[in-house]
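Trainee: Before I use any labels for this model, could we go through what each one rests on?

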Amino acid sequence: MTTVSHFDNDSLYSTFARAPVAFERGEGVWLYTADGEAYLDAMAGVAVTSVGHAHPHVVEALKKQGEKLWHVSNWFEIPEQAAMAKRLTDATFADKVFFCNSGAEALECAIKTARRYHYVNGNPERIDIITFEGAFHGRTIATIAAGGQAKYLEGFGPKAPASCRCRSATARR
Ligand SMILES: Cc1ncc(COP(=O)(O)O)c(C=O)c1O
């Protein structure tokens, strides 16, 4: 394994316990270090690099867009965003899409969608979120409460209310 101890990580928050390896490029399911060591990417960027690394179609779309227009806010119409949402709803169970930037944001959206559903249906008291003991759902105030792990909750003030924890079948054994 390539060590990266010569990299200066001092300016980064020490949030993550990083493995001492850095990747220079990826191709499909493979990751490569600068000195050419290949690793099978069984993590896929924590389950989000679903079409693999450097997929030619995605690279082409990113290049085209990068040369045209970068970020505009959701206060404007974004035809490509609408087209992508249509592709997703046509291909899945979903009726609507909410695009966001991280897992924690997706979880926040799920929590808010569930609570809002009950609110508009006359049950505003139905706010409880059920998760499994030892779960991890991100690092926002709501998702550290949902995950319930002491090490993530410590030092961030009172825990957000209304998370219930279940023991998983494996935890019971
Ligand atoms: C199950 C699960 N939920 C939520 C998250 C949070 O994702 P992000 O780090 O993109 O906010 C992660 C990240 O590892 C995760 O594994």
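Mentor: Residues are numbered from 1 along each chain as its sequence is written.

Trainee: How do you know where confidence is lowest and where it is highest in the protein chain?

Mentor: The guide is pLDDT, the predictor's confidence in each residue, from 0 to 100. Its mean over the protein chain is 90, with 93% of the residues at 70 or more. Helix α7 (residues 169-172) has the lowest mean, 54, whereas strand β2 (residues 30-32) has the highest, 98; helices here are DSSP runs of H or I with at least four residues, and strands are runs of E with at least two, numbered from the N terminus. Where pLDDT is low, the predicted coordinates should not be read in detail.

Trainee: Why is Ala-162 called partly exposed?

Mentor: A residue is buried if 20 or more other C-beta atoms, placed from the backbone, lie within 10 Å of its own, exposed if 12 or fewer, and partly exposed in between. Ala-162, in the loop between α6 (150-153) and β5 (163-166), has 15 other C-beta atoms within 10 Å and is therefore partly exposed.

Trainee: Why is Ala-47 called exposed?

Mentor: Ala-47, found in helix α1, has 8 other C-beta atoms within 10 Å, so Ala-47 is exposed. Its phi is near 65 degrees, a positive value in a residue other than glycine.

Trainee: What makes up the largest nonpolar core?

Mentor: A nonpolar core is a set of buried Ala, Val, Leu, Ile, Met, Phe, Trp, Tyr and Cys residues joined through C-beta atoms within 7 Å. The largest has 7 residues: Leu-107, Ile-111, Ile-129, Ala-142, Ile-144, Ala-145 and Ala-146. Two or more residues come from each of α4 and α5 (141-147), and α5 gives the largest share, 4 residues.

Trainee: Which residues surround the ligand?

Mentor: They are Val-46, Ser-102, Gly-103, Ala-104, Leu-107, Phe-136, His-137 and Gly-138, where the criterion is a C-beta atom, placed from the backbone, within 6 Å of the molecule. Helix α4 (residues 103-120) gives the most to this shell, with 3 residues.

Terms used:
Predicted model: local features only at pLDDT ≥ 70, side-chain atom pairs only at ≥ 80, totals over all residues.
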